[in-house]
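Hi,

Here is the structure I said I would pass on to you.

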Amino acid sequence: MRTFGRLFALALVLALVYKYAARTPPELRGALALGVLIVVAELAGRLALRMRLPRVSGFVAAGVLLRAYWPVERLDELDLLRFVGDAALALFALRAGLAWRGETDGEAPGLGRFLAASLALPFALTAAVIFVLHPWFPLTVHQPSRDAVAVALVLGAFTAVAAPALAWASLTDSPGGGLGDALLRLHALRDIAAVLLFAGALALARPLASAGALQPLAFAPPLAALGAAALAGALLAALAGRFRRLLGSDPGIIALAVAFGAALAARAGPSEVTLAALVAGIGLARLDAETAGLLRTRFDVHGSALAAAAFALFGARLDAAALFEIWPWVALLAIVRAAGLYWGGRLAVRREGPLAAGDLARSGWLGLIGQAGVGLLLAAAGRRAFPEWGVSFEGLAVALVALHAVVGPICFRRALARRPALTEGVTGGT
């Protein structure tokens, strides 16, 4: 209790200093706001642990609540915090990509079948439910049926969004074993598939929607963001490997350079920061095993100290006002998505195969509940795609991300706890 009291007092002092430091430079006020956020997130994380919940759920929830009840007042401070948050989140996305090791390649056929089913069924179920209920659904209540089809397809594609950085952070509290490794791979693949599926849904919906309801080239921005992220990630991976070989630099410096490079790429163009860092991690794991191993070891020792800042700042980006305004619809869509993941996974492994008797068949759907950064990219793309109700679409999509970002790590831990036995964790130093 002493630690809780000290942290609470520190947060209160920082908040008071921030409030009465109106004339100080924006960098100082931004640092004070960051300090408040980190201390409150650490309090929430410790409280979550006492409740036997993952710390990262507490971190995200703290950011969401602070965004709602204590907004940062000036845009220059918010811009500074967003860049720091992008760089911090990129470190965890990089670590998730570095987990893509070669020794489990034999599971690829089983994972591919599971991935396809866990993408297709949630998409179909969500689209069907929205279309059936479109006379009452908030986005389509006053729209013709053909526009309801477009909304149903795009929200169905949104179910593919995953959270590789959140998934890896969830593993820091629980050993992962082979299931953790498989789930990390699935999260990474789903984030990439989500952009392609979302763009495909927009392209398919364009001829179905009424005139003016959907922008003609609405599918282009998500594809451009994916391409830019892949290019930035590949370039960062190549530079990181070359930099270490030439200078023998500390792996911590290399990780920070990649993270800030991903954040700069996101600021400079359409690239999405977690996708860029994820691709960089996968590229290093595949092409430069020595550098990847050094980065994994260093991050596994020191990375947990950054989690409060990274995920609290991510939570602070989630304007979850729609979650409280239309929570029955948000809850319904979350339940339909979870049902699709469950039955999709069951159908994928109903036959004997590499994963049929394993933990993925039993608990994999729980580990895929989380959603994070790519969801914000697609929410913004949806806002631009639908001129008439794009703001409402973005609000609903961000509310779904906020809910799944908090609940996802809890479900991930539950998936790991349901295994009959533990094996070597993915967070090991290899």
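**Charged pairs**

Let's start with Arg317, which counts as partly exposed because its relative accessible area is 26%. Keep in mind as you read that this is a predicted model. Arg317 makes a salt bridge with Asp86, and the closest N and O atoms of the two are 2.9 Å apart. Arg317 sits in the loop between H13 and helix H14 (321–325), while Asp86 belongs to helix H4, so this pair ties together parts that are 231 residues apart in sequence. Asp86 itself is buried, at a relative accessible area of 7%.

How many salt bridges does a search of the whole structure find? It turns up four. Another one of them joins Glu394 and Arg383, again with 2.9 Å between the closest N and O atoms. Here Glu394 is in helix H18 (residues 390–417) and Arg383 in helix H17 (residues 373–385), eleven residues apart, and the pair links distant parts of the chain. Arg383 is partly exposed, with a relative accessible area of 33%.

Glu42 and Arg46 also meet through their side chains, in a salt bridge of 3.3 Å from N to O. Both of these residues lie in helix H2 (residues 26–50), four residues apart, which is about one turn of the helix. Glu42 is partly exposed at 25% relative accessibility, and Arg46 is partly exposed too, at 35%. As background, side chains of opposite charge can pair when their charged atoms come close.

**Aromatic rings**

Next, the rings. The structure holds nine aromatic pairs. One of them is Phe92 with Trp168: the pair is tilted, with 6.2 Å from centre to centre and 55° between the planes. Why does this pair tie together parts that are 76 residues apart in sequence? Because Phe92 lies in helix H4 (residues 75–98) and Trp168 in helix H7 (residues 164–171). Both Phe92 and Trp168 are buried.

Tyr342 and Trp365 make an edge-to-face pair, 5.3 Å centre to centre with 85° between the planes. Tyr342 is in helix H15 and Trp365 in helix H16 (residues 359–367), 23 residues apart, and this pair also links distant parts of the chain. Are these two buried or partly exposed? Tyr342 is partly exposed, with a relative accessible area of 26%, but Trp365 counts as buried at 18%, since the cut-off for buried is under 20%.

There is an aromatic cluster as well, made of Phe198, Phe386, Trp389 and Phe393.

Take Phe386: leaving out residues up to four places away in sequence, Phe386 touches Ala150, Val154, Leu202, Ala213, Leu214 and Phe393.

Helix H13 (residues 307–316) is mostly covered, with nine of its ten residues buried. Phe311 is among the buried ones, along with Phe314 and Leu313.

The buried residues of H15 include Val330, Leu333, Arg337, Gly344 and Ala348.

**A histidine in a loop**

Now find His134, in the loop between helix H5 (108–132) and H6. His134 counts as buried, at 12% relative accessibility. Not counting residues up to four places away in sequence, His134 touches Thr140, Val141, Ser145 and Ala148. From His134 to Pro144 is ten residues in sequence and 9.2 Å in space, C-alpha to C-alpha.

The chain has a mean pLDDT of 83, and 85% of its residues reach 70 or more. Which of the chain's elements has the highest mean pLDDT, and which the lowest? Helix H6 (residues 145–158) has the highest, 94, and helix H1 (residues 2–19) the lowest, 70.

Two stretches need some care. Residues 103–108 stay under 50 in pLDDT, and the model gives them six contacts beyond four places in sequence. Residues 421–430 are also below 50, and that stretch has 30 contacts beyond near neighbours in sequence. Where pLDDT is low, the predicted coordinates should not be read in detail.

Cheers

Technical notes
Residues numbered from 1 in each chain as written. Predicted model: local features only at pLDDT ≥ 70, side-chain atom pairs only at ≥ 80, totals over all residues. Heavy atoms only, no water. pLDDT = per-residue confidence, 0-100. Helix = DSSP H or I, 4+ residues; strand = E, 2+ residues; numbered from the N terminus. Contact = heavy atoms within 4.5 Å. Buried < 20%, exposed > 50% of the residue type's maximum accessible area, 1.4 Å probe, protein only. Phe/Tyr/Trp six-rings, centres within 6.5 Å; stacked < 30°, edge-to-face > 60°.
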